Amino acid sequence: MRVSYYPGCSLEGTAKSYDISVRHVCRSLDIQLEEVPTWACCGSSPALKMNRLLSTALSAHNLALAERQNLSDVVAPCPFCFRRLKSAQEEMARDPALRQKVEQTIESQVNGNLTIHNLLGFLTERVGMKAIGEKIRKPLTGLKLIPYYGCYVVKPPSVTCFDDPANPTSLDEILRAAGGEVLDWDFKSECCGAGLSLSKPEKVCELTGRLVRDAAWRGADAIVVVCQLCQANLDLRQREIGLTDKKEYQLPVIYFTELLGLAFGCASEQLGLDRHFVDPLAVLKRKGLA
Amino acid sequence: MFRLTGALSEQEFLHHVVQRSGQNLLECLQCGKCTGGCPIASEKVSGPRRLIAEILSGMRNEALKNPTWWYCVSCGTCMTRCPVDINMYQVATALCELAQEGGIAPSERDIHLFEELFLKSVEKYGRVKELRTVAAYNVITKNPLKDMDKAVTLMRKGAFSPLEILSGWAKDRKVSRIFALARRTSEGGHE
Ligand code: SF4
Ligand code: SF4
């Protein structure tokens, strides 16, 4: 299967582990990722906040570039990029005047006929659990995992059209197929503070604190994420959260593709597992998985 | 609770927000389900329900200075719960544009600064250069060593390279042009 691949800025910056593990997992599943040539940033929350036309235009520019690849599907691992691509395509389909303005701004046409996937949805719905299950060589036996979806991949459902916004299950399913022990918890799609990491760190600590505390209390070996903003916010703030609680938290925060790669039999360094702030390798080694 | 008096000024503001956001705020029931789930609502940050009440009552200044829309991370929780499907982050965009046009200073300067630096990077290179944006933010806010220990640990692990801050990148002229055209159209006036 060939699909266009829109990595987004973080995956070539601070979230390289996500990018390399995505590529590895897709290669194992015989999926050819064709990177959208000269793709640009989607503008993320700053553009979405400050200028609606600019925000839609940036995503439309990426859609136009992807359309030229002549593939029917585009996959974005970053949930925010995914949501922006999807909104842009839908808003233009609904509002011809907006579409005209956007096309004048990007100076090209957008047909609006791509199927836009987030990575989790692509793997669970398009590739399918059967194909994934067949590739498992080294099941994640005995690994207690907290599935954390975050906001952007499921909310708001009228935009994402994916899974259940309050109690999503697709990540649970993938992790279970990989042999992990999936723990239930109440914060599956609660916010991590997202883009406020730099400007309002205290807010991020408050929000991630709830998540880390609950995951630790449930005896998790790791929190599993699908978003690089969630990864960074949870991975980097545990010391501050620990100071408030007079405790020391050391909960690894891992991309689901890294775990899938491990279960497919790939070595941990090749997946980027050695690059996180809280080291996941110790617990993986203890369980005989790395 | 405020009620509309029908004064022209309040109608105009409400009309602009509704037009630009595409969200029919007049349907809002003031039920508060949005604020109940909003991650950024606090004692200091009112959250979406009150913000909508301000817009509905024509309190233009209060609404444009309300920190809620600066804090809003567009998580979509409010829209997920709202019985009449109001999308708050699109309201946030409308308020941000109206505040800019009205020359109203950002009530949350740090959030605004970060977002400006982020967009500057995108405008020039077509992509955000995360490390450089973070470094610029820390220098401007006079906190250049913030989280330095964490950065050093990550660098040692190879999560990113310090060279990324220093090296030059190819400019993306196409994206710079999109920024210019988008600004021109936005300034050219909304209907
Ligand atoms: S949930 Fe919707 S209807 Fe209720 S107060 Fe919020 S915006 Fe208004
Ligand atoms: S989208 Fe914004 S206003 Fe709505 S719940 Fe999320 S942070 Fe709050």
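User: What makes B:Asp85 partly exposed?

Analyst: This is a predicted model, and every value here is computed from it. B:Asp85 has a relative accessible area of 49%. Buried means under 20%, exposed means over 50%, and partly exposed is in between. The value of 49% falls in that middle band, so B:Asp85 is partly exposed.

User: Where does B:Asp85 sit, and what is its phi?

Analyst: B:Asp85 is in the loop of chain B between helix H6 (77–81) and helix H7 (88–101). Its phi is positive, about 55°, although B:Asp85 is not a glycine.

User: Is A:Ser44 buried or exposed, and how do you know?

Analyst: A:Ser44 has a relative accessible area of 16%. The cut-off for buried is under 20%. So A:Ser44 counts as buried. A:Ser44 belongs to helix H2 (residues 44–50) of chain A. A:Ser44 is not a glycine, yet its phi is positive, about 45°.

User: Why are H3(A) and H5(A) called roughly perpendicular?

Analyst: Look at the crossing angle. Helix H3 (residues 52–67) and helix H5 (residues 96–106) of chain A cross at roughly 70°, and their axes come within 9 Å. Angles of 65 to 115 degrees count as roughly perpendicular. The angle lies in that range, so the two helices are roughly perpendicular to each other.

User: Which residues make the contact between H3(A) and H5(A)?

Analyst: From H3(A) they are A:Arg52, A:Leu53, A:Thr56, A:Ala57, A:Ala60, A:His61 and A:Ala64. From H5(A) they are A:Leu98, A:Lys101, A:Val102, A:Thr105 and A:Ile106. By class, this contact has seven nonpolar, three polar and two charged residues.

User: What is the secondary structure of chain B?

Analyst: Chain B has twelve helices and zero strands. Of its 191 residues, 48% count as buried. Chain B exposes about 9700 Å², and carbon and sulfur atoms supply 55% of that.

User: Which residues are closest to ligand 1?

Analyst: The closest are B:Cys28, B:Cys31, B:Gly32, B:Cys34 and B:Cys82, out of 13 residues that surround the ligand. Helix H2 (33–37) and helix H3 (48–56) of chain B each give two or more residues to this shell. The shell divides into nine nonpolar, two polar and two charged residues.

User: What residues lie around ligand 2, and how many are charged?

Analyst: Among them are B:Cys38, B:Cys72, B:Cys75, B:Cys78 and B:Met88. The shell around ligand 2 has nine nonpolar, three polar and no charged residues.

User: Where is there a cis peptide bond?

Analyst: A cis peptide bond joins A:Lys155 and A:Pro156, with omega about -15°. A:Pro156 lies in the loop between strand E5 (144–148) and helix H8 (157–160) of chain A.

How values were computed:
Residues are numbered from 1 along each chain as its sequence is written. Chains are lettered from A and ligands numbered from 1 in the order in which they are written. This is a predicted model: local features need pLDDT of at least 70, side-chain atom pairs count only at pLDDT 80 or more; totals for chains, interfaces and linings use all residues. Side-chain values use heavy atoms; hydrogens and water are left out. Helices (H or I, at least four residues) and strands (E, at least two) are DSSP runs, numbered from the N terminus. Buried means under 20% relative accessible area, exposed over 50%, partly exposed in between (1.4 Å probe, protein chains only). Accessible areas come from the Shrake-Rupley method with a 1.4 Å probe; for residues, only the protein chains shown count as cover. A residue is near a molecule or strand if one of its heavy atoms lies within 4 Å of it. Ala, Val, Leu, Ile, Met, Phe, Trp, Tyr, Cys and Pro count as nonpolar, Asp, Glu, Lys and Arg as charged, and the others, Gly among them, as polar. Axes are lines fitted to C-alpha atoms, for helices over the stretch in contact, and angles run from 0 to 180 degrees between N-to-C directions. Angles under 35 degrees count as roughly parallel, over 145 as roughly antiparallel, 65 to 115 as roughly perpendicular and the rest as oblique. Contact means heavy atoms within 4.5 Å.
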